[in-house]
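This briefing looks at pockets, ligand surroundings, strand pairing and backbone features. The sequence and the structure come before the discussion.

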Amino acid sequence: MTSPKPKESIMQIKPYVGGKSKADGAQRIIKLSSNENPWGPSPKAIAAFEAAAKNLHRYPDGGHMELRETLSKTHGFPENELICGSGSDELIGLLIHAFAGKGDEVLYSQYGFLMYKIYTLANEATPVTAPEKELHFDVDAMLAAVTPRTKILFIANPNNPTGTYIPFSEIKRLRAGLREDVILALDAAYAEYMDVNDYDTGHGLVKDTNTVVFHTFSKIFGLPALRLGWAHGPAAIIDAMNRIRSPFNVTAPALAAGVAALHDTAFVPQQREKNAIERKRVCDTLKQLGLGFVQSHTNFVLVHFGSTQKATEANQFLTQRGLIVRDTVAYGLPEYLRISFGTSEENNLLTQALNDFVASRNAA
Ligand code: PMP
């Protein structure tokens, strides 16, 4: 039988591989590979999820009314500028699907989030990368890479896997330097972790420019299992995305949990604080151990092990102890490992293991 041939651009896609969650032989698994919230979601979100279990025989609200209303009240954005999706991944895909096709270019930075490339190829558009400067997004390089065919420019701010950010003044300079019709897609998956004054998610740009901001409930809100994200953009862009999304793209338990999570207003600041404490503890240990790392503004840190071989050895060493971290080979950063921060107890085991790894290397 002759097999049907997928579109050529589909076969160029390297499938996304998520953070591992298994380590053969380890007694206990500590998952630090997917930038999850190790303390879990708001108990109010869990209660709402459980209550939604009683209505599984009904379709969800395809218009996401209650969640959009709650987002609108929480943030002050009009409801017709809001769209919800099965994770922000889906919304990133919908934006590219709606606006870029054959002959169009989608631009992102050298170490940009892998899904930008995957969705670009899936839509037969051309992925274009601009170099970064010392693992930071470089506005000038990005503007230099814009061509008449550029349709969308993505930036995750702060970025995954580097953990770096650029200040709002730079985002504004980028927007000002772009053609009006180029969509600036600001991926704010880790925005809630930010605690510096010169950072801004960029929602203010939506009113007068073609800018779309993406958010997720998968990170600080601790709900990745439910797959829930949202985006804020000009009504015309959101309308185009809505035309192609599947009618019931977000499940009812996810919508209910999202609404409850937003109502628990104390939750996010608490989590930000807890993460900042753990981030400092882990990074202080990295410093003491003489391991290089990229200053983190998120719930993970990119650690430099000096060579690909050492990073691979460190990864194996940690895995043997059940500590699962993320190699960044797929990002072109093979000398690094990306490590998410865990609970205090988990981070004790992590820092102990890193200490033992460095000691074993020094002894060798
Ligand atoms: N953007 C960035 C920068 C991310 O790191 C992630 C998750 N790895 C996402 C978007 C997608 O998150 P989700 O689909 O779970 O909302």
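The second largest pocket is lined by 26 residues, and those nearest its centre are Tyr16, Ser34, Asp89, Phe113 and Lys219. Here a pocket is, on a 1 Å grid over the protein atoms alone, an open set of points where a 1.4 Å probe fits, with protein on both sides within 12 Å along at least five of seven lines, and lining residues have an atom within 4 Å of a point. The model is a predicted one, in which local features need pLDDT of at least 70 and side-chain atom pairs count only at pLDDT 80 or more, whereas totals for chains, interfaces and linings use all residues. Residues are numbered from 1 along each chain as its sequence is written, and side-chain values use heavy atoms, with hydrogens and water left out.

**Pockets**

- The second largest pocket holds about 470 Å³ of space, where a volume is the space filled by probe spheres set on the grid points, which are joined across faces, edges and corners.
- Helix H4 (residues 87-99) gives the most to the lining of the second largest pocket, with four residues; helices (H or I, at least four residues) and strands (E, at least two) are DSSP runs, numbered from the N terminus.
- By class, the lining of the second largest pocket has eight nonpolar, ten polar and eight charged residues, where Ala, Val, Leu, Ile, Met, Phe, Trp, Tyr, Cys and Pro count as nonpolar, Asp, Glu, Lys and Arg as charged, and the others, Gly among them, as polar.
- The largest pocket has a volume of about 640 Å³, and of the 26 residues that line it, Pro15, Val17, Leu114, Ala330 and Tyr331 lie nearest its centre.
- At least two residues of the lining of the largest pocket come from each of helix H5 (114-122), helix H11 (308-320) and E12, and H5 gives the most, with four residues.
- The lining of the largest pocket divides into 13 nonpolar, seven polar and six charged residues.

**Ligand surroundings**

- The ligand is surrounded by 13 residues, of which Ser88, Asn160, Asp187, Thr216 and Ser218 are the closest; a residue is near a molecule if one of its heavy atoms lies within 4 Å of it.
- An N or O atom in the side chain of Ser218 is 2.6 Å from an oxygen atom of the ligand, and a polar side-chain atom of Arg227 lies 2.8 Å from an oxygen atom of the ligand.
- Lys219, which is among the residues nearest the centre of the second largest pocket, has an N or O atom in its side chain 3.5 Å from a nitrogen atom of the ligand.

- Strand E13 (residues 336-340) is mostly covered, since five of its five residues are buried, that is, under 20% relative accessible area, where exposed means over 50% and partly exposed lies in between (1.4 Å probe, protein chains only).
- In a regular strand the side chains alternate between the two faces of the sheet.
- Both faces of E13 are covered, with Tyr336, Arg338 and Ser340 buried on one side and Leu337 and Ile339 buried on the other.
- Strand E10 (residues 300-304) runs antiparallel to E13 and is joined to it by five bridges, with Arg338 as the bridge partner of Leu302; two strands pair if DSSP finds at least two bridges between them.
- Strand E12 (residues 326-327) is likewise antiparallel to E13, with two bridges joining them, and the bridge partner of Asp327 in E13 is Leu337.

**Backbone and loop features**

- Two cis peptide bonds can be described together: the bond from Asn157 to Pro158 has omega near 0°, and the bond that joins Asn160 and Pro161 has omega of about 20°.
- Pro158 lies in the loop between strand E5 (150-156) and helix H7 (168-177), and Pro161 is also found in the loop between E5 and H7.
- Glu134, in the loop between strand E4 (126-130) and helix H6 (139-144), is a residue other than glycine with a positive phi, near 45°, and it is exposed, with a relative accessible area of 73%.
- Leu135 lies in the loop between E4 and H6 and has a positive phi of about 65° although it is not a glycine, but Leu135 counts as buried, at 11% relative accessibility.
- Asn299, placed in the loop between strand E9 (292-293) and E10, counts as buried at 1% relative accessibility.
- Asn299 and Tyr119 are 180 residues apart in sequence and, C-alpha to C-alpha, 25 Å apart in space.

Technical notes
A polar contact is a pair of N or O atoms within 3.5 Å; within protein, one must be able to donate a hydrogen and the other to accept it, and residues adjacent in sequence count only if both atoms are side-chain atoms.
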